[in-house]
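Here's a quick briefing on a two-chain model. Have a look at the structure first, then we'll go through it topic by topic.

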Amino acid sequence: MPAIEAVNLAKTYVVSQRGEGFAGSLKGLFTRETRNVEAVKSVSFSVEPGELVAFLGPNGAGKTTTLKMLSGLLYPTGGTLKVLGHVPFEKKQDYLRRFSFVMGQKHQLWWELPALDTFRLNAAIFDLDAKRYRRRLDELNELLQLDPLWNTPVKKLSLGQRMKMELACALLHEPELLLLDEPTIGLDVVMQKTLRDFVTRLNREKKTTILLTSHNMEDIETLCRRVIVVHHGIILFDGDLPDLVARFVPAKQVTAVLKEERPRKDIERFGAVQEYNGLRAAWEVPRGDISSRVSDILNQLPVADLTVEEMPLEDVIRRIFKEGAV
Amino acid sequence: MRKYLTLFIMSWQKQLEVRSDFIFERGRSLAVLFSLYYLWSSLLTNRADVAGYSRSEMLTYVVMMTLLRAWVLSNVTDRIPSEIAQGKLSDLLLRPISHFGYWATQDAASKSLAIGSVCIEMSLFVFFIRPPLLPPTSVAAAGAFAFSTLLAMAMYFQMSYMLGVIGFWTAQSWGPRFCFEVFLEFSAGAYFPVDLLPGAAQKVLAWLPFPYLVFHPLSIYLGKAGPDQWLSILGHQVMWIGVLTLASRGLWGAGLRRYAAEGG
């Protein structure tokens, strides 16, 4: 049975409109117009237990709304949804005990108290006995090095420390399904890597099913094989990451480091130049022309080093959403 | 049960961390007590009674009313609308704990601190001011008063919880709540006994739940409501708890469907 099964899932928000300025506010006291905003138009996908899947899309694409429907926070206005065998919006105790949703900009830790107090509360809420609670604290401590932070009031923690604590707290009850919304937002590179390593281990060792959204392409490249691309509330692509690149970007990037400077006109003979600084040049080369173009470059330019790579994922995504590749 | 006990203790911890709110609330309570006590004290200095209330009865009403303000008319549910508007409600909805139970526990924790504090304040007030306090008219009246006060606490919680849940429909809930609380305190008898009001106003209030929060329990205490009326008072309180429970549950269910879980 799939961990998640969504069929034609839809969510329309009713948003009230208000006129500009004081006159608009005054008018809004008496009449208020509303309009419907289709955040998710129709989304169908399924996720098997143990998968690690990324939701990609620009702001307002419907990624977070979809995750919120999966968590049961939002009531879908259309379609059917089953997560871990439950209809999420019913908020059955059994369902709530089996998943966790971490939002990068939200916190469940009690601001004024040390994080350990919220852990104790969650242990009580999720019915963890003392032995299991102790074991989980030790495990999470080993993975995320939380020891020096337990007794510091949450408001005194740095963003990175707080994010580690939030993640640990959300995982205290060993959820089968983890929904992560922008987990690395605002974190420095060291903390980003710590979190990515942690999520990888969680998926590999505990077989936790993980769905994440992120604008950080390193998160996606490091963590996920499968990606679901959402735009304007519909799914544009659902498949493996390499297939996404091959399908939407019919070119690779050839980069050459030269032994001596060459003028730009010499460089432009080999294709669309993406980067040029005299001693280093990069071209976008159609996949079918790679071998002949590489051969030409090696024969006609003083090449010290040459690499052929997929286009950077950020460029791929930018191209998909900006240039209408889809 | 363990989760609510842990939550109760944490709520205490939090309130002790955020002391200023607590101190200001206690200050407000003392200000109301002193102003009403001395107002009625001077009004009744040269008069035998006002609308059937002797000086001792009225001053007992004022002192007991201060206790009931802390026991009944205190709540923490005014935070619910902002939690809905800012999407903080999401944290709670994602965990296997009842929202109603969560706030009822927080409310109980807040009340228990307020009760402890008001008992100390009242002891000092009685010690230094020596008001002419009357005891309940009988042991049975004391029991009926205690039971009625408990029902009033449940009633007021349901009422304020329902008002909090209206936050699903309007983010600007401070205005409606302020108006509601002013009207509520007035019509509950939290400034003076409502039977001092004109007959027409009393007839209107009889159809509302508010007098059952302070006025009727104190009527039992002072013997203004005899044993033959106790059952009616307690029955009305139970009825209002039922009505308010159904209304708040209905609003909660409808509100959840509108909830946008904003801010994340």
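Helix α10 (residues 215–222) of chain B is largely enclosed by the rest of the structure, because eight of its eight residues are buried. Buried here means 20 or more other C-beta atoms within 10 Å of a residue's own; exposed means 12 or fewer, partly exposed is in between, and C-beta atoms are placed from the backbone. Helices (H or I, at least four residues) and strands (E, at least two) are DSSP runs, numbered from the N terminus. Keep in mind that this is a predicted model: local features need pLDDT of at least 70, side-chain atom pairs count only at pLDDT 80 or more, and totals for chains, interfaces and linings use all residues. Residues are numbered from 1 along each chain as its sequence is written, while chains are lettered from A and ligands numbered from 1 in the order in which they are written.

**More on α10(B)**

- The buried residues are F215(B), H216(B), P217(B), L218(B), S219(B), I220(B), Y221(B) and L222(B).
- Their cover includes α3 (55–71), α7 (139–165), α8 (174–188) and α11 of chain B.

**Chain B overall**

- Chain B has eleven helices and two strands, and from the N terminus on its elements run α-α-β-β-α-α-α-α-α-α-α-α-α.
- Its radius of gyration (taken over C-alpha atoms) is 19 Å, close to the 18 Å that the globule rule (2.2 Å times the number of residues to the power 0.38) gives for 264 residues, so chain B is as compact as a globular protein of that length.
- Along the principal axes, the C-alpha atoms of chain B fill a box of roughly 65 × 40 × 35 Å.
- Of the 264 residues in chain B, 37% are buried.
- Take the contacts in chain B (C-beta atoms, placed from the backbone, within 7 Å) with a separation of 6 or more: residues 24 or more positions apart account for 80% of them.
- P81(B) sits in helix α4 (residues 80–85) of chain B and counts as buried, with 24 C-beta neighbours inside 10 Å.
- P81(B) and Q15(B) are 66 residues apart along the chain, and their C-alpha atoms are separated by 20 Å.

**Where the chains meet**

- The contact takes 26 residues from chain A and 22 from chain B.
- On the chain B side, α1 (2–17), α5 (89–93) and α11 (227–258) each give two or more residues.
- The largest share of that side, eight residues, comes from α1(B).
- By type, the chain B side divides into eleven nonpolar (Ala, Val, Leu, Ile, Met, Phe, Trp, Tyr, Cys and Pro), seven charged (Asp, Glu, Lys and Arg) and four polar residues (the others, Gly among them).

**Chain A overall**

- Chain A has twelve helices and 13 strands, and its C-alpha trace spans about 70 × 55 × 45 Å along its principal axes.
- Buried residues make up 37% of its 326 residues.
- The mean pLDDT (the predictor's confidence in each residue, from 0 to 100) of chain A is 87, and 94% of its residues reach 70 or more.
- Among the elements of chain A, β4(A) has the highest mean pLDDT (95) and helix α1 (residues 21–30) the lowest (66).

**Positive phi in chain A**

- N8(A), in strand β1 (residues 4–17), has a positive phi of about 50 degrees although it is not a glycine.
- K91(A), in the loop between β4 (78–83) and α3 (93–96), has a positive phi of about 55 degrees, and it is not a glycine either.

Definitions and conventions
Two residues are in contact if their C-beta atoms, placed from the backbone, lie within 7 Å.
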